[in-house]
Amino acid sequence: MLTPLQMVHEFLSDISQDAVVVDATMGQGYDTVFLARLSDHVFAFDVQEVALVTTRQRLSEQELTAELILDGHENLDLYIKQPVDAAIFNLGYLPQSDKSIITHGQTTLAALTKLLALLVRGGRIGMMVYYGHDGGVEERDEVLAFVMALPQNAYHVMRYGGINQAHQPPFSLLIEKR
Ligand code: SAM
């Protein structure tokens, strides 16, 4: 059975080499590496320098490239002018780092709104929603309210996650532009 993160990766696995793709939350770079294996045009964002250092190292070990941007994903339109084929978000905080630096509903939704406008028809966005930390429930609820209100004739939106797990099991949101 797929975990929610594996489901996101499966959802994005058809990305082609010339696709324009975005890692909205670089963190330790695992998703950036996943995307850079598929595409030559990866834009990855994080607000923490440590994320760029770790990700740069991880990419170079695998002889992969991506454009690493030290800025919030809510500013992605300053860097990306072309249509976008796919994007990934991994909400929450950077593991083994400052747990007070988290993603927030307002900026996450600003980025999501900009990405949806840039997304090609058939383009996909996969989002991992973690909400066990302080501020996580608020962001989860803001994101859920937003995606549940996306017009059905313009977007397919699916949710995937365990429903019999203890604590706050993460789930994924899968969005496809029609
Ligand atoms: N995808 C990452 C990986 O594979 O390791 C994990 C991401 S981690 C759960 C969330 C990241 O979002 C943190 O590194 C944090 O610094 C970053 N972040 C917080 N606010 C952000 C923002 N406005 N724009 C971009 N990244 C942000």
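Which strands and helix do the buried residues of H4 pack against? I started my notebook with that one.

**Ground rules.** I am working with a predicted model, so I kept local features to pLDDT of at least 70 and side-chain atom pairs to pLDDT 80 or more, while totals for chains, interfaces and linings use all residues. Residues are numbered from 1 along each chain as its sequence is written, and side-chain values use heavy atoms, with hydrogens and water left out.

**Entry: helix H4.** I took helices (H or I, at least four residues) and strands (E, at least two) as DSSP runs, numbered from the N terminus. H4 covers residues 105-118, 14 residues in total. From first C-alpha to last it reaches 20 Å, close to the 20 Å expected at 1.5 Å a residue; the expected span is 1.5 Å times one less than the number of residues. Next I looked up burial, where buried means under 20% relative accessible area, exposed over 50% and partly exposed in between (1.4 Å probe, protein chains only). The buried residues of H4 include Gly 105, Leu 109, Leu 112 and Leu 116. Back to my opening question: the buried residues of H4 pack against strands E1 (20-23), E4 (84-90), E5 (119-129), E6 (155-161) and E7 (171-177), and against helix H5 (136-148). Contact here means heavy atoms within 4.5 Å.

**Entry: salt bridges.** My cut-off was a side-chain nitrogen of Lys or Arg within 4 Å of a carboxyl oxygen of Asp or Glu. The search of the whole structure gave three.
- Lys 114 pairs with Asp 77, with the closest N and O atoms 2.9 Å apart. Lys 114 is in helix H4 and Asp 77 in the loop between E3 and E4, so the pair ties together parts 37 residues apart in sequence. I found Lys 114 partly exposed at 28%, and Asp 77 partly exposed at 30%.
- Arg 124 meets Glu 176 at 2.7 Å, N to O. Arg 124 lies in strand E5 and Glu 176 in strand E7, so this bridge ties together parts 52 residues apart in sequence.
- Asp 141 meets Arg 140 at 2.9 Å, N to O. Asp 141 is partly exposed at 38%.

**Entry: aromatic pairs.** Rings of Phe, Tyr and Trp (its six-membered ring) pair if their centres lie within 6.5 Å; planes under 30 degrees apart are stacked, over 60 edge-to-face, and the rest tilted. I got two pairs from the whole structure. Phe 45 and Tyr 79 have ring centres 5.7 Å apart and planes at 70°, so they are edge-to-face. This pair links Phe 45 in strand E2 (residues 41-46) to Tyr 79 in the loop between E3 (67-70) and E4, 34 residues apart. Phe 45 is buried at 0%, while Tyr 79 is partly exposed at 31%.

Tyr 131 and Phe 171 have centres 6.0 Å apart and planes at 50°, so I logged the pair as tilted. Tyr 131 is in the loop between E5 and H5, Phe 171 in strand E7, 40 residues apart. Both are buried.

**Entry: charges over those rings.** I asked for NZ of Lys or CZ of Arg within 6 Å of the ring centre and within 35 degrees of the ring normal. The charged end of Arg 140 sits over the ring of Tyr 131, 4.8 Å from its centre. Arg 159 lies over the face of Phe 171, at 3.8 Å from the ring centre.
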